[in-house]
Amino acid sequence: MSKPLRIGFVPEHFSTPLHYASTRFALTATLVPFPSGTGHMITSLRADEIDVGIGLTEGWVAGLGNTSSEAGGGYKIVGTYVDTPLCWAISTGRDRDLENVDALKGGKMGVSRIGSGSYVMGFVLADYKGWLKTPGDPPFEVVPLQTFAKLREGVNDKTADFFMWEHFTSKKYYDNGEIKRIGEIYTPWSSWKIVAQDEGDERLPAMFESINKGIKYFEEHPEESIRYISTHLDYSEADAREWLKTVGFPDDVRGVSHDTIGRTIETLRKAGVIEGNQAKAGNMIGISKH
């Protein structure tokens, strides 16, 4: 009998179908939480600490496309976990005098890790705002702070001026007054992808099947999903209910479209996150979806 897969995931509301796959649909896997996000999973994939990761599209593509990365690849993109874009909220400290996104230029940007989604989207924001003089010329001082909790601390003690994190995960801390929201930006691509060290791993088809069943169960049992999110994860019932209206999962998670990865590469190249012209969608994708 084959060993269980080691699957890295971010323990947020998006992980609910994965929870169902594990508890109800015989997903043979050890689920390894990565609260610090996609950048940490990339490190663990390359160190052979996990076999599969479920994380943010921009983080996976940046990790594979950045030619300055010493570690090289270490994984291929094999699946599409979420079809809808991600809303990145832009936050600062509760008592800071920063009131809008325009005030952030030249400031200190808190990120979980270099190469993480929170890092990558800062440069996408700068590109949208026209702040990039030349590709890769940072419009911010980048301050790695590892975790969401440390990012919230950092904007209040002025270690950083702002950070970017998913809207609904941040909202609780707007509501309780810990941090202040000053803007948002949406990814111009579907938000979550599945990667694997080995796209030919014989355990992947069964994993895809279990996750598909978990997604179907999630969609057919919204009230149970809201209860799970509001009691086991860091969200209110109202926020869980509101998030459910905004998210869309695929019927089949297996495979990823070349168009999605190609558009992500182009945006990240324009933002200076990916260097040079070597990055190609075909080299990043392990399993295609047509």
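**A salt bridge to start**

Author: Happy to! Aspartate 51 forms a salt bridge with arginine 203, and their closest N and O atoms are 3.9 Å apart. Please keep in mind that this is a predicted model.

Reader: Where do aspartate 51 and arginine 203 lie?

Author: Aspartate 51 is in the loop between α2 (38-46) and β3, while arginine 203 is in the loop between β10 and α7 (204-220), so the pair ties together parts that are 152 residues apart in sequence.

Reader: Nice. How many salt bridges does the structure hold?

Author: It holds 23 salt bridges.

Reader: You mentioned β3 and β10. In what order do the strands of that open sheet come?

Author: The order is β2-β1-β3-β10-β4, which gives an open sheet of five strands with mixed pairing. At its edges are β2 (29-33) and β4 (76-82), each pairing on one side only.

Reader: And by how much are neighbouring strands of this sheet turned against each other?

Author: On average by 25°, with direction ignored.

Reader: Let's zoom in on β4. In what sense do β4 and β10 pair?

Author: β4 pairs with β10 (residues 192-196) in the antiparallel sense, over five bridges. To see one spot in detail, find isoleucine 77: its bridge partner in β10 is valine 195.

Reader: Which strands does helix α3 lie across?

Author: Helix α3 (residues 57-65) lies across β3 (52-56), β4 and β10. Its direction is at about 115° to β3.

Reader: OK, switching topic. What is the strand order in the sheet that has β7 in it?

Author: That one reads β7-β6-β8-β5-β9, and it is an open sheet of five strands with mixed pairing. The edge strands here are β7 (141-144) and β9 (179-186), and each of them pairs on one side only. From one strand to the next, the twist averages 30°.

Reader: How many bridges join β5 and β8?

Author: Four bridges, with β5 (residues 87-93) and β8 (residues 162-166) pairing in the antiparallel sense. Isoleucine 90 stands opposite methionine 164 in β8.

Reader: Which helix lies across β5, β6, β8 and β9?

Author: That's helix α5 (residues 148-156), which runs at about 150° to β8. In the picture, β6 covers residues 108-111.

Reader: Is the crossing of α2 and α3 left-handed or right-handed?

Author: α2 passes α3 in a right-handed crossing.

Reader: How about α7 and α8? At what angle do their axes cross?

Author: Roughly 100°, and the axes come within 5 Å. An angle from 65 to 115 degrees counts as roughly perpendicular, so α7 is roughly perpendicular to α8.

Reader: And which residues meet there?

Author: Tyr217, Phe218, Glu219 and Glu220 in α7 meet Pro222, Glu224 and Ser225 in α8. This contact of α7 with α8 divides into three nonpolar, one polar and three charged residues.

Reader: Last pair, then: how do the axes of α8 and α9 cross?

Author: The axes of helix α8 (residues 222-232) and helix α9 (residues 237-244) cross at roughly 130° and come within 9 Å. That makes α8 oblique to α9, and the crossing is right-handed.

Reader: Which residues should I click on for that one?

Author: In α8, pick Pro222, Glu223, Ile226, Ile229 and Ser230, and in α9 pick Glu237, Ala240, Arg241, Trp243 and Leu244. By class, the contact of α8 with α9 has six nonpolar, one polar and three charged residues.

Key: Residues are numbered from 1 along each chain as its sequence is written. This is a predicted model: local features need pLDDT of at least 70, side-chain atom pairs count only at pLDDT 80 or more; totals for chains, interfaces and linings use all residues. Side-chain values use heavy atoms; hydrogens and water are left out. Two strands pair if DSSP finds at least two bridges between them. Helices (H or I, at least four residues) and strands (E, at least two) are DSSP runs, numbered from the N terminus. Axes are lines fitted to C-alpha atoms, for helices over the stretch in contact, and angles run from 0 to 180 degrees between N-to-C directions. Contact means heavy atoms within 4.5 Å. Angles under 35 degrees count as roughly parallel, over 145 as roughly antiparallel, 65 to 115 as roughly perpendicular and the rest as oblique. A crossing is left-handed if the near helix is turned anticlockwise from the far one by less than a right angle, and right-handed if clockwise. Ala, Val, Leu, Ile, Met, Phe, Trp, Tyr, Cys and Pro count as nonpolar, Asp, Glu, Lys and Arg as charged, and the others, Gly among them, as polar. A salt bridge is a side-chain nitrogen of Lys or Arg within 4 Å of a carboxyl oxygen of Asp or Glu.
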